[in-house]
Amino acid sequence: MVTMQEPIFVELGLWISAFYVLSCYSYLYRYNRFFKFAEHTMIGAAAGHTLVMGLNNIRDIGINNIVAGNFIYILAFPLGLSLFARFVPKYSWIQRYGFAFMIGIGMSIGIRSRLISRILIPMIATINAVNLSHPMAILNSIIIVGWVTTVMLYFLFTKKYTSESVVITYVRKIGRWGIMAAIGFYLGQTVMTRLAFVINRLEFLLFQWLRIARL
Amino acid sequence: MKLNEKGKTTIMDKLADIPEQYIYAILAVILIVPLIKPIGLPIPITGDTIKFFDAIDALEPGDTVFFAYDALSMTWMEQGLGTMIVMKHLLLKPGIRVVGASSSNQGPPFWEECMNSIGGISSYGKEYGKDVVYLGYLAGGETMEAAIARDIANTVNVDSYGNPLSELDLMSEVNSVDDFALMICLSSGWSFGGWMDQWVVPYGIGEYVIPLAGVASDIWPLMEAGLIESMIAGSRGAAEYEILLKSPGRAAAGMDAQSLGHIYVAILIIVGNVAYFATRLKGED
């Protein structure tokens, strides 16, 4: 039986992959037909893949559960089908039931932990970060608590600050420096990610496709 | 290109007008040369990677790890390196079992890619169904994550290959978050946050994350707060893990290029700022 692991198919896969990598990077020179072709293929493939995976889920989680005797899953089908009502203007209001169910469940499941994990625990951790045991720890504590406070004040929009509000103006300025430092840090990390993408594709082109040996 | 009073261009003007194609071409050379002939720049190991490694290394035979496998094609190039070395470590350890599931629909092909790249499950003396099970893509986001935390068998009937879970030995022993020693999340973007909200906060399981380097700065505060145990930050973290496992691979080999690329980008930022401020000082802004 012929499988996709046959050398000829592996080689064909390498060449197709190399063609798409080079087509994508040809954009760096200028927008061109090869890039456009690669872009459209990617969108088409992603849409097809999403459709197939969605249908698999309907079969594996929906139909299989009903067949196994979990009849509660029947409820999901009319709610899911109601979402398609948006394509018929006269009956588009029906989609609200499906969305209402999804939003209600999503909100209730999300909110039970989110307040704890995104606000309460980080707030406690910030307070616990205060350490006055030695000079460097004191400096760290001032930086952490100071910048958390000033950044919070930067996003306080309930009052219009005039040029007379000298103290609050400086406090907000310090907060802004903190935000700029964080953005700089993000940029550095993002450069690492982007370079890793390029390096990975260069490794593929050099060592897998062209089979160049490392010196 | 702008001309000064004498009708000549200055160095700063020339710097500001370098065609971007030249910048990309130089970057390509800077990255390709160390890939072909590595320089061997040192790779210091960070505490985060050591903590991640130690947690996996401390697992006892019989422990089961849940692998939230939220792979995406656009981020696999960086996260794949960390994922493959962690998976290799898990499979190398005798008696450790792995159950994987994806909240991203691109997870299944990258699960196969990972397993093929590290030589397949059987090459580690392990067996699918007994030591490793992959549930595949499960739709529903956090709703699904909350459901399988409580009861996997009542949520999912078959694995990614269509095998009924009732026929898989491993799934007769694990069915909820309480049956796992820890969880690892290959996080596409912020997907680790959903698992944190549905698995860590309500049940207290330890979550270890394999994020993009660009997301690492979001995770450090959560580690300080004790919500995330540790992480392997991008390709750098993967390189460190490869060294800890004494199995240097693609991530470690790419670190020279990564470091030189960073130096190049830093120089470009400095040159760009100098040119910008010099132009402003001349009042041409």
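**Entry 1: chain A**

I looked up the contacts in chain A with a separation of 6 or more, and residues 24 or more positions apart account for 21% of them. I note here that the model is predicted. I then looked up burial: 6% of the 215 residues in chain A are buried. The secondary structure of chain A comes to six helices and zero strands. Read along the sequence, I get the pattern α-α-α-α-α-α.

I also looked up the extent of chain A. Its C-alpha trace spans about 75 × 65 × 40 Å along the principal axes. The radius of gyration of chain A is 28 Å, whereas a compact globule of 215 residues would have one near 17 Å.

**Entry 2: chain B**

I find 11 helices and six strands in its secondary structure. Of its 285 residues, 44% count as buried. In chain B, residues 24 or more positions apart make up 71% of the contacts with a separation of 6 or more. The C-alpha trace of chain B spans about 85 × 40 × 35 Å along its principal axes.

**Entry 3: where the chains touch**

How many residues of chain B are in contact with chain A? I find 43 residues of chain B in contact with 44 residues of chain A. On the chain B side, the elements that give two or more residues are α2 (20–36), α4 (73–92), α6 (141–150), α7 (191–203), α8 (213–224), α9 (234–244) and α11 (255–281). I sorted the residues of this side by type and got 23 nonpolar, 13 polar and seven charged.

I took one of these helices, α6(B), for a second look. Its buried residues are B:Glu142, B:Met144, B:Glu145, B:Ala146, B:Ile148 and B:Ala149. I then looked for what covers them. The cover includes α4 (95–128) of chain A, and also β2 (97–102) and α7 of chain B.

**Entry 4: strand β5 of chain B**

Which residues of β5(B) are buried on each side? The strand covers residues 207–210, with B:Glu207 and B:Val209 buried on one side and B:Tyr208 and B:Ile210 buried on the other. In general, side chains in a regular strand alternate between the two faces of the sheet.

I looked up the neighbours of β5(B) next. Strand β4 (residues 182–186) of chain B runs parallel to β5(B), and four bridges join them. In this pairing, B:Met183 has B:Glu207 as its bridge partner. With α7(B), these two strands make a right-handed β-α-β unit.

Strand β6 (residues 230–231) of chain B is also parallel to β5(B), and two bridges join them. B:Val209 stands opposite B:Met231 in β6(B).

Most residues other than glycine have a negative phi, and I noted two exceptions. A:Arg211 has a phi near 55 degrees. I place A:Arg211 in the segment after α6 (166–209) of chain A. Is A:Arg211 buried or exposed? A:Arg211 counts as exposed because it has 8 C-beta neighbours inside 10 Å, and the cut-off for exposed is 12 or fewer.

B:Lys246 has a positive phi of about 55 degrees and is not a glycine. It lies in the loop between α9 and α10 (250–253) of chain B. B:Lys246 has 6 other C-beta atoms within 10 Å, so I list it as exposed.

Conventions: Residues are numbered from 1 along each chain as its sequence is written. Chains are lettered from A and ligands numbered from 1 in the order in which they are written. This is a predicted model: local features need pLDDT of at least 70, side-chain atom pairs count only at pLDDT 80 or more; totals for chains, interfaces and linings use all residues. A residue is buried if 20 or more other C-beta atoms lie within 10 Å of its own, exposed if 12 or fewer, and partly exposed in between; C-beta atoms are placed from the backbone. Two residues are in contact if their C-beta atoms, placed from the backbone, lie within 7 Å. Ala, Val, Leu, Ile, Met, Phe, Trp, Tyr, Cys and Pro count as nonpolar, Asp, Glu, Lys and Arg as charged, and the others, Gly among them, as polar. Two strands pair if DSSP finds at least two bridges between them. A crossover is right-handed if, with the strands pointing away from the viewer, the path from the first strand over the helix to the second runs clockwise. The radius of gyration is taken over C-alpha atoms; the globule rule is 2.2 Å times the number of residues to the power 0.38.
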